[in-house]
Amino acid sequence: MNGRFGLGLLLVCLASLLIHGCASKPTNPDNSQNVSIATSFKQLGISSNVSRVLLEINGSGFTTMTQDLEIANGIVRAEVEVPFGANRVFALTAYAGQTALYYGADTADVSAGAVTEVSIYMRPQVPMIKITPIYGSFSEIGREGTLSVKVYNIDSLFGISLRLEADSSVIEFRSAEAGGFLGTVENTLFFVQTYPHYLAIGYTLRGNNYQPNGVTGSGLIATVRFVTKKIGTSPISINPTYLRLIDWQGSVLPRQGQIYIENGEVEILGS
């Protein structure tokens, strides 16, 4: 059976909210529907940094509704009465303390007797480096898989170095290649070295500290290849001690605040 890591790439940061209507049993006389919402942090592409998820619903004819989603074992849940009507906007914000890490929104119609799926892409709102997908599972030992290392909302990145760690008894890192965020092969240098328990990566622009140079925005730093070795679960971690992002003068990025890290996980289910 094929591993599901590749499929997971399509689901990263996607929250599918199913809104159930019931024509034979109206919920109340105000033409509104009791909406049950449940989704997982894994489905959202969000790791353990998140301490709070806020749902906001707005549309014509009613005041904006807000509700904190209950978080239990990585699952977020909520129930709320949503007035029937077109173009209801569902927005999710994921917080770490007072900091909004992710935000996403989608528009849908709510009516009796219908099931509406609201798909919300949760985009990072802060400087972040992230393993994508957050979670992947495989049903075979000896199977090859890939994961991505991405940066978000970074300003004037000239170079980055990092150390990717895993349980080497469960998976073994094999190789990595540049993701292209910093530019073409002619304009960049990429270094990778495999060790028993980790993978070291360096990625930088060619240039010097006499001419301003750097890339701003979000993008792919590296694609990493590995092979599964035994049944079990392995975290995929970016060690903060060895993580360094710099601008063209060698100053640490981001210049203000911090870089948030979202780690991943691989589970091997069978042989």
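This report describes salt bridges in a predicted model.

## Basis of the values

The model is predicted, so local features need pLDDT of at least 70 and side-chain atom pairs count only at pLDDT 80 or more, while totals for chains, interfaces and linings use all residues. Residues are numbered from 1 along each chain as its sequence is written, and side-chain values use heavy atoms, with hydrogens and water left out.

A salt bridge is defined as a side-chain nitrogen of Lys or Arg within 4 Å of a carboxyl oxygen of Asp or Glu. By this rule the model holds seven salt bridges. One of them joins Asp 155 to Arg 255, with the closest N and O atoms 2.8 Å apart. Asp 155 lies in strand β12 (residues 144-157) and Arg 255 in the loop between β19 (244-246) and β20 (260-262), so the pair ties together parts 100 residues apart in sequence. Strands here are DSSP runs (E, at least two residues), numbered from the N terminus.

Asp 155 and Arg 255 also belong to a network of salt bridges that includes Asp 247. Asp 155 is partly exposed at 39% relative accessible area (buried means under 20%, exposed over 50%, partly exposed in between; 1.4 Å probe, protein chains only). Arg 255 is partly exposed at 47%.

## Salt bridges of Glu 172

Glu 172 forms a salt bridge with Arg 174, the closest N and O atoms being 3.6 Å apart. The side chain of Glu 172 also meets that of Lys 229 in a salt bridge, at 4.0 Å from N to O. This second pair links distant parts of the chain, 57 residues apart: Glu 172 is in strand β14 (residues 171-178), and Lys 229 is in the loop between β17 (215-228) and β18 (232-238).

Glu 172 is partly exposed at 32% relative accessibility. Arg 174 is partly exposed at 46%, and Lys 229 is partly exposed at 40%.

Note on methods: Helices (H or I, at least four residues) and strands (E, at least two) are DSSP runs, numbered from the N terminus.
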